[in-house]
Amino acid sequence: MSRPILAQLDLQALKDNLQIVRRAAPGSRVWSVVKANAYGHGIDRIWSALGGTDGFALLNLEEAILLRERGWKDSFMRRICLCWISTA
């Protein structure tokens with residue numbers, strides 16, 4: 001028997017948390033780890049909230065391409081190696 005599950009994202013809380021981390025570690029680069037299309041919530045929504053991050057660590061190349069198409073210009077990390085995508 002399945003039960004209905006509802007998960008809500010507070011995008012303002014994500015923005016606020018990013019700023020809290022920045023204040024706690026001044027001068028540090030802050031990367032956001034986003035996996036599995038933000039666990040099904042949609043990487044587009046997460047991108048809008050975490051656009052102030054220094055980079056995204058992603059699980060797959062398709063997510064990197066999507067963010068690049070949305071205008072993300074900074075770095076990506078995939079597993080251990082850096083993946084750079086040219087917009088040219």
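## Reading burial and core packing

The accessible surface of the protein in this predicted model is about 6200 Å², and carbon and sulfur atoms hold 56% of that.

User: What does the secondary structure of the protein come to?

Analyst: Four helices and four strands. From the N terminus on, the order of elements is α-β-α-α-β-α-β-β.

User: How many of the residues of the protein count as buried?

Analyst: Burial is a threshold on relative accessible area: under 20% is buried. Here the protein has 88 residues, and 28% of them count as buried.

User: Which residues touch the most other members of the largest nonpolar core?

Analyst: A core of this kind joins buried nonpolar residues through their side-chain atoms. In this case the core has 14 residues, and Val34, Phe56, Leu58, Leu67, Trp72 and Phe76 touch the most other members. Two or more residues come from each of α3 (43-49), β2 (55-58) and α4 (61-70). The largest share, three residues, is from α3.

User: Which residues is Asp54 in contact with, leaving aside neighbours within four places in sequence?

Analyst: Arg22, Ser28, Arg29, Val30, Trp31, Trp72, Asp74 and Ser75. Take Val30: its backbone nitrogen lies 2.6 Å from a polar atom of the Asp54 side chain.

User: And for contacts in the protein between residues at least 6 apart in sequence, what percentage join residues at least 24 apart?

Analyst: The value is 42%.

Methods
Residues are numbered from 1 along each chain as its sequence is written. This is a predicted model: local features need pLDDT of at least 70, side-chain atom pairs count only at pLDDT 80 or more; totals for chains, interfaces and linings use all residues. Side-chain values use heavy atoms; hydrogens and water are left out. A nonpolar core is a set of buried Ala, Val, Leu, Ile, Met, Phe, Trp, Tyr and Cys residues joined through side-chain atoms within 4.5 Å. Buried means under 20% relative accessible area, exposed over 50%, partly exposed in between (1.4 Å probe, protein chains only). A polar contact is a pair of N or O atoms within 3.5 Å; within protein, one must be able to donate a hydrogen and the other to accept it, and residues adjacent in sequence count only if both atoms are side-chain atoms. Contact means heavy atoms within 4.5 Å. Accessible areas come from the Shrake-Rupley method with a 1.4 Å probe; for residues, only the protein chains shown count as cover.
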